[in-house]
Amino acid sequence: MAGQVTVPGAPTGPARAARVAVIGGGPGGLYAAALLKRLDPAREVTVHERNAPDETFGFGVVLSDETLGGIEHADPVVYAALRDEFVRWDDIRVTHRGRTLTSGGHGFSALGRRRLLAVLHARCRELGVRLRFRTEAPPAAELALDHDLVVAADGVHSATRRAHADVFGPRLTTHRCRYVWLAADFALDAFRFEIAETPYGVAQLHAYPYEAPAPDGPPGARDGASTVIVEMREEVWRAAGLDTLDEAASAAYCAKLFPETLGGRPLRGNDSRWTAFRTVVNDRWSHGNTVLLGDAAHTAHFSIGSGTKLAVEDALALAACLEEQPDVPTALAAYEAERRPVVTSTQRAARASLEWFEDLGTYVGQPPHRFAFNLLTRSRRVTHDNLRLRDPAFVAEVEREQGVPEGTPPMFTPFLLGGLTLRNRVVVSAMDMYSAEDGVPGDFHLVHLGARALGGAGLVMTEMVCVSPEGRITPGCTGLWNDRQAAHWRRITDFVHQQTPGTALGVQLGHSGRKGSTRLMWEGMDDPLPDGNWPLAAASPLPYRPGVSQTPRELTRAELAAIRTQFTDAARRAAGAGFDLLELHCAHGYLLSGFLSPLTNRRTDVYGGDLTGRLRFPLEVLDAVREVWPADRPLTVRVSATDWADGGLSAEDALAVAAALAEHGAAAVDVSTGQVVSDERPDHGRSYQTPYADRIRNALGVPVVAVGALSSWDDVNSLILAGRADLCALGRPHLYDPHWTLHAAADQGYEGPGAPWPRQYAAGSRKPPTGRTDGPKPRLAL
């Protein structure tokens, strides 16, 4: 490869990378340089940093115990130099509306950024790394010609990434809050969050100590130091006039906002400017022998304290891969393969955290302990269960405030939905089984739904039940367009009500729209039938998969009226069949969803255009169904809160849709996302759809069902206790384990009324023992 040069006397081998250039002298770049030089003393390593040695952004740096362990293992000298510098603390204090609550057991370590850089500078010099300050690095492409490896650690505004954007494929997202890094000249006693409700909106403080006070310092010595970050929505920042203030005036303004944390003491800056956070994602991290590291490759919001941590861990992984792999290209591929999943997970948590703070105004009315619990669990990395391990007294207080009985996990508290009381907060999601004949549910559906009802969930949903033959997704879909189908559904509801008293059974009614006439899922999801297709109809004549799917016809007003009648006829049959709840399917690109999204509704009549027009037909159907559905049984609506595609539903649209549905009688909104257009780009991950439910619930006060990669009872408890959801729907976990809810109760040692075991299964209500338990207890360690 270009620049494959060797240094006389250097060890031979294709991955030696004998000449290395590092662009950027931040912690990640410096640590990578030190590790690479330490692993191969003959290696020539040069760091190019355009600033002076002590010129840096911000004040303190937080590192986790896990990262420190990696540093200790890789370079004990650096670890020893840092060990005694760290300020450590366990508590997080949350101040809101004049009250401060404390949660302990968290464990943080921090030190000054300048001190961290000084330690790394000293280590680099000791090892023989060349440090070039106050000089711009040559372009990466130029360095790559005579170096074996170029490490681009040149930060969030990386010139290297920009110069090779066609290869790296960067995607930069600028977020909605403005923030500024400041410092206080005293050491806080904990990590502090303080919320200020100003005439212009909500502002928040994130603060932590990074320098301890000198134990025997002379009179006038500084009492340690703390990082203070002040953050608020862009519109709040502008309304407060902070966009017009200089650094000193901004610091003075912010110091007055947070009296509990700062106690009237001043704040200072360090060329501190208000900025908006940018999330950086790259499709690739390497180009030839150039590799991105740290913020050049990825960023994670400061509210989870991971920027320096990720950069240092990148350096550790890069150095290890260069040692382990046979050549530089293979090493860079291994580095990215190792780090990308970790970074993706961290960025997902950071995104959840930053969006929580962006939407902070929707939570400020929560009771004090719930608010603090919600803040602590905002990233979904801290959960109900591990917070209870860290600070059981704090979690117990949160549960008491919310009326959770002692010894009862939050998921097993009852919930009143319309006129229906659910014994717990677990819902078996609607999941298509594609196993009906002529729309008739058979023995499979009886066993499938009956097994899930026996499994303990408070509410079990059917698959989408179609209102007409033309409204089926596949030939295997169930229906309620005739009385024969209704009679077979009655067989299932009778079984559930007789054999699992207390379990509610809900029916989901829908029409496939442009996504119909396809094969069974396991024969080719969304693929058209090879023969026997029926004509499709939708809001607009747009195929779901251009060039593959059938093009639907645009529905006329007369046809819309006929479909509305099909929904009401099906709803009457559902009521007669004994269902406890009816859900209208307005999600996933099916007919009613197709009217809501601007990507699938291009109509020019009253049923298209702006959101009011696009809502018209779904609301007409909802009103008509509400008229015939028994008033004492709840009616819910499932929506896709985002299309995961440019030009689709916005966050504001989703709130408006939910508000309209609630106004028209929906007892709850079942909040899903996507599946509206085939070229969507969903941000998959654990509980990735729950923020959309959270936003609707807390902005509007509308009850919500949260869905989307929920898999653990800990997730359910966390969401319910934090007030982000009222009910949690789980699909795949209930396919894996029909008794998921009962097993969740057993795992938590719960035996109360929220999860009663069927009498026939009572003997299995405790997990069977595994392995021997009668061995002698250890007494001596030899």
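The model is predicted, so local features need pLDDT of at least 70 and side-chain atom pairs count only at pLDDT 80 or more, while totals for chains, interfaces and linings use all residues. Residues are numbered from 1 along each chain as its sequence is written, and side-chain values use heavy atoms, with hydrogens and water left out.

**Helix α22**

Let us start with α22, which runs over residues 651–663. (Helices are DSSP runs of H or I with at least four residues, strands are runs of E with at least two, and both are numbered from the N terminus.) From first C-alpha to last, the 13 residues of α22 reach 19 Å, close to the 18 Å expected at 1.5 Å a residue. That expected span is 1.5 Å times one less than the number of residues.

Which residues of α22 are buried? They are Asp653, Ala654, Val657, Ala658, Ala660 and Leu661. Because these residues cover an arc of only 160° around the axis, they sit on the same side of α22. The arc is taken from the directions from the helix axis to the C-beta atoms. Buried means under 20% relative accessible area, exposed over 50%, and partly exposed in between, with a 1.4 Å probe and protein chains only. A helix has 3.6 residues a turn, so residues three or four places apart point the same way.

The buried residues of α22 pack against α20, α21, β25, β26 and α23, where contact means heavy atoms within 4.5 Å. On the face turned away from the buried side, α22 carries the exposed residues Glu652 and Glu663. Glycine 665, with a positive phi near 110°, follows α22.

**Helices α19 and α21**

The axes of α19 (residues 557–576) and α21 come within 9 Å and cross at roughly 35°. Axes are lines fitted to C-alpha atoms, for helices over the stretch in contact, and angles run from 0 to 180 degrees between N-to-C directions. Residues of α19, including Leu560, Ile563 and Phe567, meet residues of α21, among them Phe617, Val621 and Val625.

**Two aspartates with positive phi**

Most residues other than glycine have a negative phi. Here are two aspartates with a positive one.
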